[in-house]
Structure formats: structure tokens, C-alpha cells
Amino acid sequence: MATLLIADHDGVRLGDATAKALTAARQIGAPVDVLVAGDGVAAIAAQAASLAGVARVLVAEGAVLANLLAEPLAELVIRITDAYTVIAAPATSAMKNALPRVAARLDVMQISDVTKVLAADTFERPIYAGNALETVRSDEAKRVLTIRAAAFPASEAGDANAPIEALPAPAASSTSRFVGADLSTSTRPELGSARIIVSGGRALGSAEKFDAVVAPLADRLGAAIGASRAAVDSGYAPNDLQVGQTGKIVAPELYVALGISGAIQHLAGMKDSKVIVAINKDPDAPIFQIADYGLEEDLFTAVPAMMDALA
Amino acid sequence: MKIIVPVKRVVDANIKIRVKADASGVELANVKMAMNPFDEIAVEEALRLKEAGKASEIIVVSVGAASAAETIRTALAMGADRGILVKAEGRVEPLAVAKLLKAIVAREEPGLVILGKQAIDDDSNQTGQMLAALLDWPQGTFASKVAVDGGQVEVTREVDGGLQTVSLALPAVVTTDLRLNEPRYASLPNIMKAKKKPLDETTPEALGVDATPRLEIVSTREPSGRQAGIKVASAAELVQKLKTAGVI
């Protein structure tokens, strides 16, 4: 039996999270079909078809699918689940919203945030904000999984050229309607897939200082900007920059934590980064216990000095 | 309009949990418990809707052992009107909780069910979406703003990359994100008053729901720890090390 992977995208390109979730889906061992739903997503479907290990791409297009709302997306998926044993998706906000709806309709328990595929029916997932890891096994007829993308490498885009088949879009929901979106437009890399992240904490002290200190260093390193929950709650940074259990879970090559003490909930969101740098004037900050390179210094002197050293 | 708010009793968010030595789960004996923080936000939002004249009654539901009654009392002390405890021992998965809530919704006919987006113990983030699916209701998950107007609710949602707003026809399911509101503390007089508020008990059997877990938890382990690295003396040395390591 086959695996269905539901692709996430921003309407323009296939998200990196999907290429990573594909790696997990392939580890299950069955052929993987990728479902691309949206409005005007032919280019995204072609992108999915080029990924290594994709058997088939299914495309459903229509205005009703434009914003990947849970109600129509679940309706679409339910129609095609007969052919699949596993229905998986990256654990992005759109898929976390839609997939439990699919699981409930199929009367199966979902396994959320899979970080390891141990066998076709056995998976590891974090609980308690990553402070424990649970191995769960499902012997249900179907398995519904969300995949924590940061835990898997991306499947390569290559010469593969999987066949693309069209599916009809579902009817519009009569009870749920998209009103609008307020998405941040940034020329910086996307937080979830950036190679380097520079993150700021409460010690920045204000939104102005956050921008003045974090942004130049991020731009010099070609990095995405992140923030701790304390910085977001204090209004120094917008909430979509929050790294942590309740925000984004990231695993870049390099994570630079500026004035972040290292609360458990923040560590849960970034501790799988390859190299962690902590700059903090408090020698007892817990972040130092997991940092590869620690610098005990006021960030307002350390960051300009770093900029000089990088020049 | 009635509002149902499900609440879960979980290990207090400020407690560092420990995995049991036999890997059978997380140690819960003699650990401080509290209402799931996202559920507190759900209770607060329901109270605000009632205070704004948009809701008539707030019913708090918890699924769990007898001790879950304490969590319901906490919500009643915040200002909810009455409670329903669905007594169930052991692990009850989100799918079973959604089925139990569906049965209670059929009895109470609320206009809104407001839930926390996830519980901080199993971090599943499923119950609200599953309930909406079982009821065939629309859903507004990860809410940072909720506005009820006539037969509609407009929900601003926290999504990857920013915010998204949807309009839902009532009845609907809403799940809360952290920034929706700041939950109030219960005052002492309200804690006393809460003891007299009605709290009914029922069971999965009485509601006609099989709450047997579907998933087998094979084992639970601590994550492999990360070792502290080295301290550097200056920003210049830091940049040098990062260049040597090949990350910049």
C-alpha cells in the first residue's frame, strides 16, 4: 500500500518542509504520492514531481483551496484515502490545522510531530515540549502522521519526473470563509528553513534596539531572524519570529542566541541546531549549558565587535 | 448562546518533568498539577464573551480521573457557570476526548466550543480539529483574536509567516493560541463561590463512547542531552572559531 504526503506551500513555491517530510514518508517504505492542493499551483506540482522518491503527484486546483483552509482540504483528502495506508504531512500550521480533521473522519488517532520513523507502524515523537521522547505504535488500518520537518534532511530535487494527475476540487464550504491574511514580507530567508538564524531575547530591551542590533548581524550572515517568547511577549519582535515549543521549531546549521537566557520552552525549539552560539552577560544563563560557543559579554558591545570581526 | 470550554489537568508548566526509570512514561506521582495553560486562555476568552453580552452560560468540561474536578473548580472560580466531569481512568486520547465532547455538545447545544490549541503534556494539537470534524462544524484554530457578531465568529489565526483571518458560521470550534488574552486570577470570594456551583459527573459508558486508547506507547525516554561547548573570550575569537568550524 502507498503513502500520501500532503504538500504545504505558500502559493508560489513548494515549502522546504514538504521536501523534508518526504524523506520521513520515504522511510516508511511504501511508494509516496504527493498531493498538491491550491489555486494556480501547476509550477508547485512540477516542483514536487522533480523531488527524488515521488511516485506520483496529484494536483487539485480551485479557488476553494487557495488558502489551504482545513475544511475543504480535509474534504479533498478524505475522498482519496482509500488507496493509502499512511496519510502524512509536514507539521506546518496549515497541516496541523487540517490533518486531525482527516484523522477524525477516518476514525483513527493521529500521531503528531513525528521526529523518527522506527518502523512502518512505529514512530518517535516529542512530548512535554521535547523534555521526553515517546515511541508509539499504531496497529490501526490507516496511520495519519504530521512530520516535524526540522528532524529530517530534505529530499533532493533532481532529474526525477513523476507523473502528474489532476483531481477535481471539492465544493466550497458553506460555513467557513477566508477573510484575509497579514503575512510578513521579508527578503531574509524563511525562519523554518534558514541555514543560519540570529535570535534575540528580552535583553534587547526594546523593539528599536532589537531592529538595530539583531537585523544588521542577521543581514551580514545572510541569516533569518528569530526571537524568544519573552522578546515577542514584550513586543520587541512580531510573533511569527518566535522560536520555541509554542512557536517555530528550527534546526539550522548555526543558531546565534543574543540575550536569550534559555528557558526550557525556547530550548525545545532550537536545541537540534548543529552549532549553537550564546552571547549573554549573565554567566549563569542556562543557554550556556547547551551552547557550543559561549561568550559572556553584554550583547550591545559583543555584536558590534562581531560585525567588525566579520568586516 | 452557551459556550463549552474543555479543560485538561496537566503537570504544572513550571515543573521540570522526569521520565520514569523503567521508561514506561513520565513521573506523575506527587507532581504539582494545574490547568493546561492554553485552556486557561480558553476559559478567559469565554468569560470575556459572556461579559460582552455575547454568551449566556459557560460550561466547563474535563475528561479524567476524579482529581480533574479540581481543574473544573479552578475554571468555575475564574467565573464559569457549571462543570461536567467525564470520569475516565488512564490515558484518554484526543480522538476519544473529541467523541466525548461531541456527545456533550449534542446534549447542551452550545454556539461555540473554545479549547486550548494543545495540551502541554502530550503536545498533540488535535482535539479541537477532531471535534469540529466529528460535528461537521467549521474551525478557527490557533486564535489570537475572536470576534462574535450575530451568527458569525471572525477568528484571527496565528499561522506560519503571520496572521490569517477566517469567518465562521456558528456553531463553531475555536482553539486558542498564547497571545489571545491574559487569563485572570480567581479571587478568594470567587473561589468560595465556585464550591457551590453545579458540577455533574458522567462516564464514557453513559455517553456511549469507547475511550480505549488506539495507540500503544512502547516506551518513553529522555532526549539525549547536549554537552556545553567552550567559552570564548571575545567576539573576535568567536568569529574566528565559527570560520574554522566552517559555519560562516
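This is a predicted model: local features need pLDDT of at least 70, side-chain atom pairs count only at pLDDT 80 or more; totals for chains, interfaces and linings use all residues.
Biologist: Okay, chain B then. How many helices and strands does chain B have?

Modeller: Chain B has six helices and 13 strands, where helices (H or I, at least four residues) and strands (E, at least two) are DSSP runs, numbered from the N terminus. The C-alpha trace of chain B spans about 65 × 45 × 40 Å along its principal axes.

Biologist: And how much of chain B is buried?

Modeller: Of its 248 residues, 48% count as buried; a residue is buried if 20 or more other C-beta atoms lie within 10 Å of its own, exposed if 12 or fewer, and partly exposed in between, with C-beta atoms placed from the backbone.

Biologist: Which strands make up the ten-strand sheet?

Modeller: The order in this open sheet is E11(A)-E9(B)-E8(B)-E7(B)-E10(B)-E6(B)-E1(B)-E4(B)-E5(B)-E11(B), with mixed pairing; two strands pair if DSSP finds at least two bridges between them. Strand E11 (176–183) of chain A and strand E11 (199–202) of chain B stand at the edges with a single partner strand each, so one side of each is left without a neighbour in the sheet. On average, neighbouring strands are turned by 25° against each other, direction ignored, with axes being lines fitted to C-alpha atoms, for helices over the stretch in contact, and angles running from 0 to 180 degrees between N-to-C directions.

Biologist: What does E1(B) pair with?

Modeller: E1(B) pairs with E4(B) in the parallel sense over five bridges, and B:Ile4 stands opposite B:Ile59 in E4(B). Two bridges also join E1(B) to strand E6 (residues 112–116) of chain B, again running parallel, and there B:Ile3 stands opposite B:Leu112. E1(B) is mostly covered, with four of its five residues buried.

Biologist: Is the pairing of E8(B) and E9(B) parallel or antiparallel?

Modeller: E8(B) and E9(B) pair in the antiparallel sense, over eight bridges, and B:Arg157 stands opposite B:Gln164 in E9(B).

Biologist: Switching to helices: why is H2(B) described as largely enclosed?

Modeller: Nine of the eleven residues of helix H2 (residues 68–78) of chain B are buried, so the helix is largely enclosed by the rest of the structure. Among those buried residues are B:Ala68, B:Ile72, B:Arg73 and B:Leu76.

Biologist: Which strands does H2(B) lie across, and what follows the helix?

Modeller: H2(B) lies across strand E1 (2–6), strand E4 (57–64), strand E5 (82–87) and E11 of chain B, and runs at about 160° to E4(B). The helix is followed by B:Gly79, whose phi is positive, near 140°.

Biologist: How many residues are involved where the two chains touch?

Modeller: The contact involves 62 residues of chain B and 71 residues of chain A, and two residues are in contact if their C-beta atoms, placed from the backbone, lie within 7 Å. The largest share of the chain B side, eight residues, comes from E9(B). By class, the side of chain B that touches chain A has 32 nonpolar, 15 polar and 15 charged residues; Ala, Val, Leu, Ile, Met, Phe, Trp, Tyr, Cys and Pro count as nonpolar, Asp, Glu, Lys and Arg as charged, and the others, Gly among them, as polar.

Biologist: Last topic, the largest nonpolar core: which residues touch the most other members?

Modeller: Of its 196 residues, those are A:Leu5, A:Ala21, A:Val36, A:Val277, B:Val5 and B:Val60; a nonpolar core is a set of buried Ala, Val, Leu, Ile, Met, Phe, Trp, Tyr and Cys residues joined through C-beta atoms within 7 Å. Helix H4 (residues 93–106) of chain A gives the most to this core, with eight residues.

Notes
Residues are numbered from 1 along each chain as its sequence is written. Chains are lettered from A and ligands numbered from 1 in the order in which they are written.
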